[in-house]
Amino acid sequence: MSAEATNPATPGPITPGAQRRRGRPRIDLRRLGRAALLGPAARHRLPDAIGHVVEAHRAHHPDADLDPLRRAYVLAESSHRGQMRKSGEPYITHPLAVTLILAELGAETTTLTASLLHDTVEDTDVTLDQVREEFGEEVRYLVDGVTKLEKVDYGAAAEPETFRKMLVATGSDVRVMSIKLADRLHNMRTLGVMRPEKQERIAKVTKDVLIPLAERLGVQALKTELEDLVFAILRPEEYAHTRELIVKNASRTDDPLAEISEEVRGVLREAGLQAEVLIRPRHFVSVHRVSRKRGELRGSDFGRLLVLVNEDADCYGVLGELHTCLTPVVSEFKDFIAVPKFNLYQSLHTAVARPDGQVAEVLIRTHQMHKVAEAGVIALGNPYASPAEEQTDGDGSRPADGERADPTRPGWLSRLLDWQEAAPDPDTFWSTLREDLAQDREITVFRPDGGTLGLPAGASCVDAAYAQYGEDAHACIGARVNGRLARLSTVLSDGDTVQLLMGQDPSSEPSREWLEHAHTPVARIAITRWLAAHPSPATPSEAPAATRRPAADGPAARPAAADVVVDQPGATVRLAGCCTPVPPDAITGFSVRGGVVTVHRVECPAVERMKSVGRAEVDVRWGDTTECRVTLFAESFGRPHLLADLTEAIALEGVAIVSATVEPPSQQRVRHTYTLQLPDAAHLPALMRAMRDVPGVFDVSRAQHPSTTP
C-alpha cells in the first residue's frame, strides 16, 4: 500500500509543529478508525467519521455542497475496508487525515473529494472510470495524477523519473501536488514504526524535493512542519538540543514577546488602526537557525509578532506607527507587498528593539495575505475559470491531459515543465532540479519591448538568453544591460533591462564557457545537449594569448599589390599600411626615401600630416589589374572556434590570408587583424559582409590609423 503509519516518531511534551497548531486538537485516529469500522452512514447523512473534515471545510467555505464529501467517504471506506496500516489502524484513517490537513488549509470541495479517494485506484478495485462516473472528470483527473506519483518507487535509483512525473502532474494541476504534500505530511507524522534506514531515506527525499516544492507552492504550513519532522530524523542530536531550548524558554516567568505585543497593541490603538496582534512561535528549524546565527538566544528570539489588518494601505500605516513610536531595526525591513516573492507571498517585515536589548521581528499583512502565506496555491481554490462539469475548449470538447491552462501556476513551475522534457537523461534532470529547488529568490528583468523575464536570483545574461529564445540562444553574441554593452557572464539584478544581441547564423555554437555562467536548468541543459552532440578538438581560437596565423605559403611570399600607375618613371609603388587603399578608392601618392612612392586613400589622416611637413604629392591612379591587398579589423565577442570560423568564411570568399593576428581578449571582446590578398577589389564589400555574418562578430572595418612612418 502507498501509505504507512506508526505512532509519532518524536514523543514528548513538545513535537514538531505543535507550537503552531493551537486552535484545533489533533485527530484521534483510533476513534475515527472505530467509527469507520461501523460502515457507511445512512444515505444522505454525513458519517460521523468525517465530522472534523466538514467542520474545517465549513470554516473556509460555509456554503459548500457537502454531498460529494459524503459520497467520497462512503466509497473510500467501503473500498479500503479490511485494509490496515502498519500501526494497526484501519487504512481509512490515512485518507481522512490527509483530507483534514487540506480542509484546514482551505482547500475547495473538489480537492477534498479527490483526497478522500486518492489511494482507492491504486490500492482497491475502484477504477478511474468509476471515479469519473460518480464524481466527474475533475476529480478523476486529480486522483489519476496522485496515483501516477504513487506507482513509482521512491528508491534512490528511481528518484529522477519519480519527480519528473511529479512535475508533469503538478504542472497540469497544482492541486495534485497539494494532495501529495498533505499525503507526505501525514506519513511523516507517523513514520516511527519503520526501520531507521527507511525513515532516513524517506526524510532525505522529503528534504531535497518535497519541502522545496512546498516552498515553491507557498504552502508554508505544510513546509514548516515537514522541515521539523525531517530535522528530528536526520539530525536527532541538534533536534534534541533545540527542543531543550524551547522547553526552557516555555518555563520562563516573563515573556518579552508578550510585553512587546501589548506595547504594539497600544501604539496601534492610539493611532486608530484596527489590527489583530498575534504571537507566532517559531518552529524547531527556525529556532535552530536563529541559534546558529546569534548564539545565545533571547526570549524574543523564540517567536515573531504577526499584525493582521484589513487593507493593503493599513499595512503601511501600521509600519509607519511602529517606526515612529518604537525603535526600528532598519536593516531588518523588507517589503514583500510591493515586490511579492515568487510563491505569491506578500508581507511587510520589520523589527523593533527595546532598551533592554530584546528585538522582536514583526510581520505585517492583510488577512487575505496571511491566508495565502499559510496555504499558498491551496488558498486560491479551483484554479480554473469554469466549473469542472462545464469545462470545455469552447467547442464542447474537454481539454486533453497536458493542455489545461492554470492561471495560478507560478512562473518557476512553467519553466520546469519546459526543461524537464528537454533533459537528455534522468541524472541531468535530477541534478538540475535540485539546483533549481535550492534557489530561494526570483528576480524580474525587462526586455526592450516591455516584456519581462522571471529568473532566479544570481542568473546571468546567458540565462536570460535561453529564457527568452530557448535553443535559438546558441546564436547570442552579446548583451546590453541597462543600455551598456555587457558580458554574457554578467549577473543580473532585479529590475535590469536586458537587450540580447543575436547573430544571424542559425547553426551558431554556444561556448563551453557559458556553462560556468548558466544557473537555470533550461540554459544548462540546452548548452550541455549541444556540446555533447558536437564534440570537437581544441582550436587556435581557444588560445588565451595573442596568436599569429600566417598564410599557407608563409608571410615571405609577398603577393603583388594592386597595379598603380605613377607619373614618376622608375618609382617603386607601396600601398600604405595605415589605410590599405584598394580599387576603386580615391588615392594620392607621396615620394619618400629610396625612390618609393607611398599610396594613401585621400581621406587618410596621414595625407594631411604629410602635406603639412612639405611632402610633394605625386599623381597616381589605379591600373587595369583588380588584384589588391587590404587590412581588415574584426571586432567580436570571445567564443571557442571563432578564429577558425572567420578564416573559413574568408577562404570561402576566395581570398588569401597573408597574416592574421588575434589580440588578447579584453572585457570578453576580441580584436582580429587580417591582411588579405583579394583577387578582385570589387569583392571587398561582399567579403566584409561574410565576415560580419560569422556568429560573435559585431563589426568589420578597413584599417585606418595614424602612421608615424610614411
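Here is a quick briefing on confidence, cysteines and one hairpin in this structure. It's a predicted model, where local features need pLDDT of at least 70 and side-chain atom pairs count only at pLDDT 80 or more, while totals for chains, interfaces and linings use all residues. Residues are numbered from 1 along each chain as its sequence is written, and side-chain values use heavy atoms, with hydrogens and water left out.

**Confidence**
- The protein chain averages a pLDDT (the predictor's confidence in each residue, from 0 to 100) of 77, and 74% of the residues score at least 70.
- Residues 152-158 have a pLDDT below 50, and beyond near neighbours in sequence this stretch has 15 contacts (heavy atoms within 4.5 Å) in the model.
- Residues 385-409 also have a pLDDT below 50, with 36 contacts beyond near neighbours in sequence.

**Cysteines**
- Searching the whole structure turns up zero disulfides (a disulfide being a pair of cysteine sulfur atoms within 2.5 Å).
- Cys476 is in no disulfide, and its nearest cysteine sulfur, that of Cys461, sits 7.9 Å away.
- Cys476 is buried at 5% relative accessible area, where buried means under 20%, exposed over 50% and partly exposed in between, using a 1.4 Å probe and protein chains only.
- Cys315 counts as buried too, because its relative accessibility is 0%.

- Strands here are DSSP E runs of at least two residues, numbered from the N terminus, and two of them pair if DSSP finds at least two bridges between them.
- S7 (residues 442-446) pairs with S8 (residues 452-456) in the antiparallel sense, over five bridges.
- Across the pairing, Ile443 stands opposite Leu455 in S8.
- Five residues lie between the strands of this hairpin, and Gly450 takes a positive phi near 95°.

Note on methods. Helices (H or I, at least four residues) and strands (E, at least two) are DSSP runs, numbered from the N terminus.
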